[in-house]
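Hello,

Here is the structure I promised to pass on to you. Have a look at it first, and then read on for what I found in it.

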Amino acid sequence: MELEDVPGQLLKALEPISRFGGNIQSIMHQRERKTPLGRIPVMLIFEVGDRARLNRILAALRARGVRVTQLGEREGAVRTTALLIGPHTDIRDTIDRLGALRGVGVSDLSLAMGGLGQESAARMTITTDNEKRASLAISNLQRIADRKKLLLIASLEAG
Amino acid sequence: MRLVLVGFGNLGRGLSRALIQKASFLRRSHGLIPRVVAAVDEFGAAVDEKGLNLTRLLKVAGKAGTVAAYKGGKRGKLALRVIEGVEADVVYELTPTNIKTGEPGLTHIKRAMWARKHVITSNKGPLVVAFGELDSLARRCGVEFRYSASVGGAVPVVGLAKELLAGNEIREIRGVLNGTTNYILTRMSREDAPFEVVLREAQELGVAEKDPTLDIEGIDTACKITILANSLLGMNARLKDVKVAGIKRVRPEAIRLAREAGQTIKLIGIAKRGSLEVGPKLVPLGHPLAVGGTLNAVTFELDLAREISITGFGAGPKETSSSLLGDLIDIHRTLGG
């Protein structure tokens, strides 16, 4: 969306989202990328239960004069957490392999280094379109882990 | 009912104490008068057809290290002779588990069945090695066979599924089935202490054995998953069919990362048709399986009831005697008592 560069605009845009039960996941306020008309592009990611709510949010935004320039939807995003324990010398490669799968993304990587000569732990959040993809992603990750001699600790609920 | 106790270690003694303590309760509430007519251990046997005095048996066996020290007791390897020769209704097989051969428990159970005696056991060995064989042998011999104490200690995992949930199809069984590893993971989580330190503490407390390999490598849990798969899912599984990972590589940092995401790490056994698995898993904090200390917990996924979870003490002689005694009462009822 594009917002006027005057105080209170962001709040005006966020209010309808929470009022109709949307759960905001991230806000990117790109002040340095002002449009020729002096507006500020803002990227919002939020989760909402059903289409009726989404329509209500969009209508409310329009009524308030907020300009929605682009709308992208991902249905039923499934997130699952996984831990990997071992030498994480090529964690980038693990993430790239996982991300190469269709409809699978990796976000939120955290690393906790062990002491000298000890294994470290990595936590990642895997986002997929649906449950089936999620369990496919986990079984792929298991194969990668087996090959790299890592211990995968997947979520109990994941496939 | 005349009972033979084969094995007089922690469980045999725990059961004996429960029989003493609950004698009048069993008579009053269940019309059951249990009489231990023989007790055998690896060094000898004590036999009395009129019934052994359990208080005295506990005392002399505690002092001498064998039931053979009981008045009139005999020394030697006498288990098979007692199982076959002494007139009795039920044989309790309570010897230590051997997961490779199932012995000596396996032979004890078979001979007891052949001698037309009902069998109650806590021994995982015979169940892991020869579940199908023992199950059909019991039917062929027309005897009852119970093994509630082999999985979950005091937690009535088998009984709940077989009796009270009998109208359901069980889709999946998931559980924390090993108190030792659960204690270690819980302590690591609360104290941020390394695995080796917590293991040593557990050994000093008697929560972990001197050789904790079977527990920490997940093999004990795998045995229980095999038993549940065979007895509740109608599978014909062996221990080697279970994909196993232990908890040795789980570090406190990993548990901390899990906690930051609202989860904890538990050693979970999972049984569903076509896939048997044991390994550390992320469990949401507050989930029925996120139990602390030495507790065990099991969740059944069912077609009608959807999800049922139970939790309780998975080990200890007193706690386990709950299951051993429950099996006896169940047989007593089955036989119309």
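This is a predicted model: local features need pLDDT of at least 70, side-chain atom pairs count only at pLDDT 80 or more; totals for chains, interfaces and linings use all residues.

Helix α5 of chain B covers residues 105–114 and is mostly covered, with seven of its ten residues buried. Those buried residues are B:G105, B:L106, B:H108, B:I109, B:K110, B:A112 and B:M113. What do the buried residues of α5(B) pack against? Their partners are β1 (2–6), α4 (79–85), β5 (90–93), β6 (118–121) and α6 of chain B.

Strand β2 of chain B (residues 35–41) has six of its seven residues buried, so the rest of the structure largely encloses it. On one hand, β2(B) pairs with β1(B) in the parallel sense over five bridges, and B:R2 stands opposite B:R35 in β2(B). On the other hand, β2(B) pairs with strand β3 of chain B (residues 44–47) in the antiparallel sense, over four bridges. A hairpin of two residues joins β2(B) to β3(B), and B:D41 has B:G44 in β3(B) as its bridge partner.

You will find B:G142 in the loop between α6 (124–141) and β7 (145–146) of chain B. Is B:G142 buried or exposed? It counts as exposed, because B:G142 has 9 C-beta neighbours inside 10 Å and the cut-off for exposed is 12 or fewer. From B:G142 to B:Q21 there are 121 residues in sequence, and 31 Å in space from C-alpha to C-alpha.

Now to chain A. Chain A has four helices and seven strands, and from the N terminus on they follow the order β-α-β-β-α-β-α-β-β-α-β. The radius of gyration of chain A is 20 Å, well over the 15 Å that the globule rule gives for 159 residues, so chain A is more spread out than a compact globule. Its C-alpha trace spans about 55 × 35 × 25 Å along the principal axes. Buried residues account for 18% of the 159 residues in chain A. If you look at contacts in chain A between residues at least 6 apart in sequence, 61% of them join residues at least 24 apart.

The domain assignment gives chain A a domain 1 (2–63) and a domain 2 (78–154). The centres of these two domains, taken over C-alpha atoms, are separated by 32 Å.

None of its seven residues is buried, so β2(A) lies largely in the open. β2(A) runs antiparallel to strand β3 of chain A (residues 40–47), and six bridges join the two. One pair to find on screen is A:I24 with its bridge partner A:F46 in β3(A).

Further along chain A there is an open sheet of four strands, in the order β5-β6-β4-β7, with antiparallel pairing. Its edge strands are β5 (104–112) and β7 (151–154) of chain A, each of which pairs on one side only. From one strand to the next, the twist averages 25°. Seven bridges link β5(A) with strand β6 of chain A (residues 120–128) in the antiparallel sense, and A:S110 has A:R123 in β6(A) as its bridge partner. Helix α3 of chain A (residues 91–99) packs on the sheet, where it touches β5 and β6 of chain A, and its direction makes about 160° with that of β5(A). Helix α4 of chain A (residues 131–148) packs on the sheet as well, touching β4 (78–86), β5, β6 and β7 of chain A, with its direction at about 10° to that of β4(A).

Last, the place where the two chains meet. How many residues does each chain bring to the contact? Chain B brings 19 residues and chain A brings 16 residues. On the side of chain B that touches chain A, α12 (252–260), β10 (263–272) and β11 (275–284) of chain B each supply at least two residues. α12(B) gives the most, with five residues. The residues on that side of chain B are twelve nonpolar, one polar and six charged.

Enjoy exploring the structure!

Best wishes

Methods
Residues are numbered from 1 along each chain as its sequence is written. Chains are lettered from A and ligands numbered from 1 in the order in which they are written. The radius of gyration is taken over C-alpha atoms; the globule rule is 2.2 Å times the number of residues to the power 0.38. A residue is buried if 20 or more other C-beta atoms lie within 10 Å of its own, exposed if 12 or fewer, and partly exposed in between; C-beta atoms are placed from the backbone. Two residues are in contact if their C-beta atoms, placed from the backbone, lie within 7 Å. Ala, Val, Leu, Ile, Met, Phe, Trp, Tyr, Cys and Pro count as nonpolar, Asp, Glu, Lys and Arg as charged, and the others, Gly among them, as polar. Two strands pair if DSSP finds at least two bridges between them. Domain bounds come from an automatic or database domain assignment. Axes are lines fitted to C-alpha atoms, for helices over the stretch in contact, and angles run from 0 to 180 degrees between N-to-C directions.
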